[in-house]
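Subject: Structure for your review

Dear colleague,

Please find the structure below, together with its sequence.

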Amino acid sequence: MSNKELLINEEIHDKELRIVGNDGSQLGIMSARDALKLASEQNLDLVKIAPQATPPVCRIMDYGKYRFEQAKREKDAKKNQKVVDIKEVRLSLNIDTHDFNTKVNHALRFLEDGDKVKASIRFRGREMAHPEMGNEIMKRFAEACSGVGSVEKQPKLEGRSMLMFIAPKPTK
């Protein structure tokens, strides 16, 4: 539940509420006014945590501390995320062996860094008459990268270019 949906203190207008104490103990069902008085005696807030329940469930807690801890958890979760980039390697239909190996080495380095690789071949002029040659080059490229990555999307001709996506193999 997000912070914006939580009602606190005077925002709660229900007749009956099920109250949970600061330590997690059940305090029973009481009116909103009594619950608010109980919370203010402890210098804490009354927070509606389950509005869909019958009667709605409210908890007595320090709302500022709760929001701070929630923001801290979200920040830690964001810190542990890995953003996957897509790096492109452009091949050509009449690519030489050394150029091909150089492109493969670039792709392997990208895959080892945890990025996806988009291999593309651009067909120019009469090359459009031979898409099977493009398929062969893509197949060779996929085999060369098979140690570090696996083909996520098979080679597909889209207009004048053939595209293939290779994703890094998950690390154990």
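A residue is called buried when its relative accessible area is under 20%, exposed when over 50%, and partly exposed in between. Please bear in mind that this is a predicted model.

Helix α3

By that definition, Phe-100, Val-104, Ala-107, Leu-108, Phe-110 and Leu-111 of α3 are buried. Viewed down the axis of α3, these buried residues fall within an arc of 160°, so they line one face of the helix. Their packing partners are the strands β6 (86-91), β7, β8 (149-158) and β9 (161-168), along with the helix α4. On the other side of α3, His-98 and Glu-112 are exposed.

The length of α3 was also checked. The helix comprises 16 residues (residues 97-112), which at 1.5 Å a residue should span 22 Å. The C-alpha atoms at its ends are 22 Å apart, in agreement with that expectation. Just after α3, Gly-114 adopts a positive phi of about 95°.

Residue Met-128

Met-128 lies in the loop between β7 (116-122) and α4 (131-144). Is Met-128 buried, exposed or partly exposed? Its relative accessible area is 29%, so Met-128 counts as partly exposed, given that this class lies between the 20% and 50% limits. Leaving aside residues up to four places away in sequence, Met-128 touches Phe-123, Gly-159 and Arg-160. The C-alpha atoms of Met-128 and Leu-93 are separated by 10.0 Å, and these two residues are 35 residues apart along the chain.

Yours sincerely

How values were computed
Residues numbered from 1 in each chain as written. Predicted model: local features only at pLDDT ≥ 70, side-chain atom pairs only at ≥ 80, totals over all residues. Heavy atoms only, no water. Helix = DSSP H or I, 4+ residues; strand = E, 2+ residues; numbered from the N terminus. Buried < 20%, exposed > 50% of the residue type's maximum accessible area, 1.4 Å probe, protein only. Contact = heavy atoms within 4.5 Å. Expected span 1.5 Å × (residues − 1). Arc of directions from axis to C-beta.
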